[in-house]
Amino acid sequence: MNDFFYHAASDEHKRKERAKARELRASQWWRQQIGPGICHHCGEKFDKKELTMDHLTPVARGGGSTKNNVVPSCKACNTKRGAKMDVELNGYLETSVRNTTTQ
Ligand SMILES: [Zn+2]
């Protein structure tokens with residue numbers, strides 16, 4: 001069924017992946033990632049406290065909280081990316097809603 005993709009970003013998926021993100025954030029692995037204090041996006045050095053966990057493919061788009069989908073990001077980059085993604089995501093959602101309702 002091609003509605004798999006639609007379900008990939010369901011509330012259930014988001015809830016599950018956000019819970020996994022919390023676990024991952026508490027892991028030794030994540031501490032190693034933020035250890036050097038480098039933002040994945042701008043490459044600048046920050047205090048560990050300033051770095052947040054950023055999903056390369058956002059959870060709302062079906063991305064998972066896996067080691068190859070999360071990177072340390074400074075707050076400025078995360079906010080910038082978040083704002084951009086919201087715009088893209090709204091366009092994306094409108095398209096899928098249109099596609100599913102016009103069938
Ligand atoms: Zn940055």
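## Strand pairing

Strands S1 and S2 run antiparallel and are joined by five bridges; two strands count as paired if DSSP finds at least two bridges between them. Helices (H or I, at least four residues) and strands (E, at least two) are DSSP runs, numbered from the N terminus. Within this pairing, Leu 51 has Cys 74 of S2 as its bridge partner.

S2 is mostly covered, with five of its five residues buried. A residue is buried if 20 or more other C-beta atoms lie within 10 Å of its own, exposed if 12 or fewer, and partly exposed in between, with C-beta atoms placed from the backbone. Val 70, Pro 72 and Cys 74 are the buried residues on one side of S2, and Val 71 and Ser 73 are those on the other, so both faces are covered.

## Model and confidence

This is a predicted model, in which local features need pLDDT of at least 70 and side-chain atom pairs count only at pLDDT 80 or more, while totals for chains, interfaces and linings use all residues. Residues are numbered from 1 along each chain as its sequence is written.

The chain has a mean pLDDT of 83, and 74% of its residues reach 70 or more; pLDDT is the predictor's confidence in each residue, from 0 to 100. Among the elements of the chain, the highest mean pLDDT, 97, belongs to helix H3 (residues 28–34), and the lowest, 52, to helix H1 (residues 4–8). Where pLDDT is low, the predicted coordinates should not be read in detail.

## Overall layout

The chain holds four helices and two strands, and their order along the sequence is α-α-α-β-β-α. Of its 103 residues, 14% count as buried.

Two residues are in contact if their C-beta atoms, placed from the backbone, lie within 7 Å. Among contacts between residues at least 6 apart in sequence, 60% join residues at least 24 apart.

## Nonpolar core

The largest nonpolar core has six residues: Ile 34, Cys 39, Phe 46, Leu 51, Cys 74 and Cys 77. A nonpolar core is a set of buried Ala, Val, Leu, Ile, Met, Phe, Trp, Tyr and Cys residues joined through C-beta atoms within 7 Å. Leaving out residues up to four places away in sequence, Phe 46 touches Gly 37, Cys 39, Leu 51 and Cys 74.

Cys 39 sits in the loop between H3 and strand S1 (51–55). Cys 39 counts as buried because it has 22 C-beta neighbours inside 10 Å. Beyond four places in sequence, its contacts are Glu 44, Phe 46, Leu 51, Pro 72, Ser 73, Cys 74 and Cys 77. Asp 54 is 15 residues from Cys 39 along the chain, and their C-alpha atoms are separated by 10.0 Å.

Cys 74 lies in strand S2 and is buried because 23 C-beta neighbours fall inside 10 Å. Lys 45 is 29 residues from Cys 74 in sequence and 8.9 Å from it in space, C-alpha to C-alpha.

Glu 44 is in the loop between H3 and S1. Glu 44 counts as exposed because it has 12 C-beta neighbours inside 10 Å. Not counting residues up to four places away, Glu 44 touches Cys 39 and Cys 74.

## The loop between S1 and S2

Gly 64 belongs to the loop between S1 and strand S2 (70–74). Gly 64 is partly exposed because 17 other C-beta atoms lie within 10 Å. Setting aside residues up to four places away in sequence, Gly 64 touches Glu 17 and Asn 69. Gly 64 and Arg 18 are 46 residues apart in sequence, and 8.6 Å separates them C-alpha to C-alpha.
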